[in-house]
Amino acid sequence: MTEAVPAGLSNDMLIAAAILVGSYVLIFTEVIHRTSAAILGATTMIAVGMFFGFYGQEEALLSVDANTILLLAAMMMLVAMLRPTGAFEYLAVVIARVSARDPRLLLIYLSLAVSLISMVLDNVTTIIVFAPLTVLIARILQLNPLPFLMSEAILSNVGGAATLVGDPPNIMIGSAAHISFSDFLAHMGPPIAAVWIGTVLLLLVMFRNHLRPGDGQMRAQHFEIRHAIKDRKALIRILAALSLVIVLFFVHHHLDIFPAFAALVGLALGMLMLRPQPDQLFGEVNWSVLIFFAALFVIVGGVEASGLLDLLGRNLADMASDPTQLMITGLLLMWVAALMSAIIDNIPFTVTMIPIIIGLEASGAQIGPLWWALAIGVGLGGNSTHIGATANLIAVTEAEKSGIDGARISPVAWMRIGIPTTLLGLIVASTIYSVFFGYFSD
């Protein structure tokens, strides 16, 4: 792995960047399936990295975030055990009846629910639960689930940015900067709340043709809610397992356990109580999504190993050495972090920036505002593309599985919505950050 960071771009950096761009071209153009494109890119990155000496097989394996992969797999299996109980059907009918008169209300209710839950749980977990529920509601009301799935993913990412435990980069930033849960919420809550309101309004405008009031209220009333629950015993047992997972999610940082381990504990308990057939249960896991993310981690690991991320981070750090440019540096960091989070996973960029920002403190720079700029950027940037955040890809996959006409979300369709919402969010956050810069400097 490249240790020293050169003054300019090296051949290794250019090669790694070229492979990253080539992989993303295949993913976004859909010439081949995104998982196939990611595997091809990952294999190429390892082979080329070994040939030129900047990336090896061991480093590639270590670059895969096992916490994310195992968390996704465990939650998929827990949701698979919950689905036959009828819990989703019950919630779907309730929500449909409440909001069926106006699909716009349905979008607001679902978006608010996932945003609030994502503030205390991982946004990926939230979308894994809500995405199939949303498809059921769409079937009941004969609506296209596309606007609801996209809005949920986008606003779960926004909501998760508000708290210390809402998104993995926040946990890393809070740990490195010694920021408490209350301080994180006090600084991130106001700008994220403003971003949320602006994003919802923009989504309502952009999806206006999909959200015309119809006769959904009549259709929703035809569903008999009291017969929705099919297996109460199984429901109680799986809810007990999920409750344990939620409790462990809240305290996992105090117990020094990974979120994936918390999910695996709940999965083990659920399997013990419900005794599902393992072959059938594992068949419910969307392995294509998991392999896609594993391959993407390998590709991004090669870019990181080439030194490109370090070079970018240190160029940003050079600006922060001048106290008079601190606010400009913070804004630049916010937008660069958002851009990087749209094209690569936000975790490696956050990991790269944390030691650089800490190093600035030794040179006398005031680094407080930079932490908040980094958190805002990595939290909002992932909404731009369908692969910018894990929650986005879950929503895309669920739309594909639904089989509903017009529900498929193409990369271009996502960017048509994701880029404007991201730009609006960054503009709102940047304005608040600039106007109240003194507060973010405390």
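Helix 4, which covers residues 66–82, has 17 residues and reaches 24 Å from its first C-alpha to its last, close to the 24 Å expected at 1.5 Å a residue; the expected span is 1.5 Å times one less than the number of residues. The model is a predicted one, in which local features need pLDDT of at least 70 and side-chain atom pairs count only at pLDDT 80 or more, while totals for chains, interfaces and linings use all residues. Residues are numbered from 1 along each chain as its sequence is written, and side-chain values use heavy atoms, with hydrogens and water left out. Helices here are DSSP runs (H or I, at least four residues), numbered from the N terminus.

**Helix 4**

- Helix 4 is mostly covered, since 15 of its 17 residues are buried, where buried means under 20% relative accessible area, exposed over 50% and partly exposed in between (1.4 Å probe, protein chains only).
- At the start of helix 4, the backbone nitrogen of N67 has a side-chain oxygen of D65 within 3.1 Å.

**S118 in helix 6**

- S118 belongs to helix 6, residues 103–118, and is buried, because its relative accessible area is 0%.
- When neighbours within four places in sequence are left aside, S118 is in contact (heavy atoms within 4.5 Å) with N123, T126, S156, G159, G160 and G166.

**Packing of helix 7 and helix 20**

- Helix 7 (residues 123–141) packs with helix 20 (residues 390–402) at an angle of about 25 degrees, and their axes are 9 Å apart; the axes are lines fitted to C-alpha atoms over the stretch in contact, and angles run from 0 to 180 degrees between N-to-C directions.
- The two helices are therefore roughly parallel to each other, a term that applies to angles under 35 degrees.
- The contact is made on helix 7 by N123, V124, I127, I128, A131, P132, V135 and R139, and on helix 20 by T390, A391, I394, A395, E398 and S402.

**Positive phi in two loops**

- Most residues other than glycine have a negative phi.
- H178, although not a glycine, has a positive phi of about 60 degrees; H178 lies in the loop between helix 9 (168–177) and helix 10 (181–206), and counts as exposed because its relative accessibility is 73%.
- D256 likewise is a residue other than glycine with a positive phi, near 60 degrees; D256 is found in the loop between helix 12 (232–255) and helix 13 (259–274), and counts as exposed at 72% relative accessibility.

Definitions and conventions. A polar contact is a pair of N or O atoms within 3.5 Å; within protein, one must be able to donate a hydrogen and the other to accept it, and residues adjacent in sequence count only if both atoms are side-chain atoms. Angles under 35 degrees count as roughly parallel, over 145 as roughly antiparallel, 65 to 115 as roughly perpendicular and the rest as oblique.
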